[in-house]
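Dear colleague,

I am handing over the structure below for you to look through.

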Amino acid sequence: MCGRPDKFDFQVPDDIWRLIVPSKYQTKVVCLACFDDFATARDIDYSMSLRTLYFAGGKTSFKFEVCGGDR
Ligand SMILES: [Zn+2]
């Protein structure tokens, strides 16, 4: 939505997504930087809800998985 090249892809539960992302952007692609801005504006800590973070670079890609927690 911000036009920045988005190389991070991430997964959060739908209820967290709806809580943090404004409704007009919920069906759009929101990068992690913008998602974090929304969460900060709403004072929501989503760290326990972030499930998987992908980084898709030009040469390589990574998948980060959250360890621990109850998910
Ligand atoms: Zn963005």
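A salt bridge is taken here as a side-chain nitrogen of Lys or Arg within 4 Å of a carboxyl oxygen of Asp or Glu. By this rule the count comes to 1 salt bridge, and it is Glu65 that forms it with Lys63, the closest N and O atoms being 4.0 Å apart. Glu65 counts as exposed, its relative accessibility being 56% (buried means under 20% relative accessible area, exposed over 50%, and partly exposed in between, with a 1.4 Å probe and protein chains only).

Please bear in mind that this is a predicted model, in which local features need pLDDT of at least 70 and side-chain atom pairs count only at pLDDT 80 or more, while totals for chains, interfaces and linings use all residues. Residues are numbered from 1 along each chain as its sequence is written, and side-chain values use heavy atoms, with hydrogens and water left out.

Turning to the aromatic residues, a search of the whole structure finds 8 aromatic pairs (rings of Phe, Tyr and Trp, the last by its six-membered ring, pair if their centres lie within 6.5 Å; planes under 30 degrees apart count as stacked, over 60 as edge-to-face and the rest as tilted). Among them, Phe10 and Trp17 have ring centres 6.4 Å apart and planes at 45°, so this pair is tilted; Phe10 is buried at 10% relative accessibility, and Trp17 is buried at 17%. The rings of Phe62 and Phe64 have their centres 6.3 Å apart and their planes at 40°, so that pair is also tilted, but Phe62 is partly exposed at 45%, as is Phe64 at 40%. Phe62 and Phe64 belong, with Phe8 and Phe55, to one aromatic cluster.
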